[in-house]
Amino acid sequence: MSFIEAENLTHIYGQGTEQEFTALQDVSFHIEAGEFVAILGANGSGKSTLARHLNGLLLPTGGACRIAGLDTRSPQDIWQIRRQVGMVFQNPDNQLIAGVVEDDVAFGPENLGMEPAKIRQQVEMALQAVGMAEFRKFAPHLLSGGQKQRVAIAGALAMDTKCLILDEATAMLDPQGRREVMDTVERLHRERGLTLLCITHFMDEAARADRVLVMEHGRLVQQGTPAEVFADAPKLHKLGLAVPLAVELAWNLRQSGVDLPRDILSNDDLVAALEACYVH
Amino acid sequence: MSIELKTVKYIYMPKTPYERVALDDVSLTIEEGSFTAIAGHTGSGKSTLVQHLNGLLSPVAGEVIVDGIDINAKDKAGKIKAWHARQQVGMVFQYAETQLFEETIAQDIAFGPRNQGLEDAEIEERVRQAMEMVGLDYHKFKDMSPFALSGGQMRRVAMAGVLAMRPKYLVLDEPAAGLDPRGREELMAEIQRLHKKGKLTIVFVSHSMEDIAKMADQMLVMQGGKLRAAASPAEIFAQAGLLQETGLEQPQIMQVLARLKQAGLPVDTRAITPEAGLRSLREVFNIHVK
């Protein structure tokens with residue numbers, strides 16, 4: 001059993017009405033516990049609709065979606081599912097609700113009916129994990145965008161979430177905020193084996209994943225390692241996507257006769273490869 | 001002609017416990033014909049600043065001058081002039097597509113000019129032109145619902161609504177945020193065309209150092225409500241300390257080139273766009289390939 005299993009997942013908005021719209025069609029994939037998966041796709045390709053199925057915010061109109069073996073359509077399991085799959089959305093100002101950081105992080109555990117002493121422990125653990133412990137008494141509106149997103153992540157961790165879904169969680173952040181959030185979730189992935197699903201338009205973020213899924217018009221059209229997916233730049237451009245800068249530069253330099261390996265993904269890879277083939 | 005800010009100060013919720021100085025003694029000039037980028041940490045005052053450019057917010061101290069006219073003038077004669085001066089500055093908000101509301105695209109774009117009290121024939125002409133300017137075919141789209149479009153197209157309709165009021169200065173708050181790579185590239189190319197062909201002065205807020213490097217000729221850096229720096233992107237990106245302190249970073253291509261330089265490759269670290277970086281790399285390697 002995989003941690004996330006989508007079988008012929010289909011979602012039709014406004015079924016039977018004039019506005020009927022098929023947002024997901026026959027999407028099937030598995031994600032193992034502890035994996036880091038990026039989901040790419042143009043605006044309107046169904047990425048966010050897909051993400052909202054993974055913790056039961058939306059229910060399939062066809063096919064099935066199982067989290068740790070639990071079907072999202074079964075009402076008695078839905079809280080067990082939401083506890084295990086936390087979501088962080090695009091706008092940092094839309095998801096913090098309390099007047100003080102630690103109250104916000106405690107919101108989830110309180111709703112689960114945890115003991116007060118246990119809640120305090122969980123909140124402390126979660127704030128430490130995202131590097132926000134010193135801000136526990138702050139009002140959220142005094143934080144930067146990246147800090148707000150880290151508080152939102154702490155809210156999920158405090159419920160002992162097994163999986164984090166970032167739905168373009170870095171889209172509204174400045175460069176430093178983006179780096180803060182990505183470094184934090186990657187560390188949690190490495191150190192705690194957190195399963196990570198990252199929906200993004202930033203190709204350099206996707207290049208850091210174990211696996212990349214590509215969506216188009218509600219269908220899953222490609223999946224593979226970043227090296228496999230980014231190898232076909234023309235195909236990605238056709239899908240409205242791009243490749244990371246390092247991939248683009250390496251491709252261009254190879255075209256002009258520089259002998260570079262084909263598996264360059266990150267700036268680190270590119271710098272190392274260029275250094276190696278430069279004759280001083 | 002220009003937009004000029006003179007020692008502008010703005011305070012949110014003054015005389016309450018939540019009082020916060022959002023702009024502090026900001027003076028700057030945006031020359032007509034320029035392409036200006038505004039960058040800074042979230043909460044540094046970028047959005048507050050741009051809302052002063054057409055009088056959506058009025059400073060508590062200091063002046064905003066558009067083409068020589070104080071747009072916050074209080075006296076009777078000054079007020080009418082100020083209204084006309086403000087009309088010269090069009091403003092496209094963040095996620096502008098969320099503000100569309102009319103039944104058809106043409107009606108939505110016509111909303112601004114109609115409020116300006118123009119004749120029907122003039123309005124139609126302006127709608128047609130504005131749609132052309134943002135690359136939407138008039139006959140194909142005019143009677144469609146704006147809500148049937150993709151996010152990127154909806155954002156263009158919102159931009160057309162502002163262009164239909166024929167501003168001289170176009171201010172855009174993070175115009176490409178949330179768009180996929182193609183949508184971003186197309187929209188930024190559209191804005192570049194408006195600048196070159198439409199002769200519009202552009203001011204845009206952005207978190208993308210790549211977009212700023214590619215398009216802007218002037219870069220303003222905000223920090224804690226103050227204007228920290230105003231110079232060309234190349235000059236700003238050359239100052240590592242300034243970038244670090246203000247939450248910004250060099251465009252990725254500069255980061256790569258800097259590391260190559262450190263490793264002893266004779267690359268040109270002043271290249272701020274991927275195209276310029278590639279040219280430099282080609283020069284280095286055409287001589288030195290193994």
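Okay, let's start where the two chains meet: helix α11 of chain A passes helix α11 of chain B in a right-handed crossing. Keep in mind that this is a predicted model.

Staying with chain B, let's look at how the chain is divided. The domain assignment gives domain 1 as 2-235 and domain 2 as 251-290. The C-alpha centres of those two domains of chain B lie 35 Å apart. Where they touch, domain 1 puts in six residues and domain 2 puts in five.

Which elements give two or more residues to the domain 1 side of that contact? Those are α8 (209-215) and α9 (233-237) of chain B. The largest share comes from α8(B), with four residues. By class, this side of domain 1 of chain B has four nonpolar residues, two charged ones and no polar ones.

Last stop, chain A. UniProt, in an unreviewed entry, lists residues 4-242 of chain A under "domain: ABC transporter". Over that stretch, chain A is 36% helix and 26% strand, and the end C-alpha atoms sit 27 Å apart.

That's the tour, thanks everyone.

How values were computed:
Residues are numbered from 1 along each chain as its sequence is written. Chains are lettered from A and ligands numbered from 1 in the order in which they are written. This is a predicted model: local features need pLDDT of at least 70, side-chain atom pairs count only at pLDDT 80 or more; totals for chains, interfaces and linings use all residues. A crossing is left-handed if the near helix is turned anticlockwise from the far one by less than a right angle, and right-handed if clockwise. UniProt positions are given in the numbering used here, feature names are shortened, and annotations may be inferred rather than shown by experiment. Domain bounds come from an automatic or database domain assignment. Two residues are in contact if their C-beta atoms, placed from the backbone, lie within 7 Å. Ala, Val, Leu, Ile, Met, Phe, Trp, Tyr, Cys and Pro count as nonpolar, Asp, Glu, Lys and Arg as charged, and the others, Gly among them, as polar.
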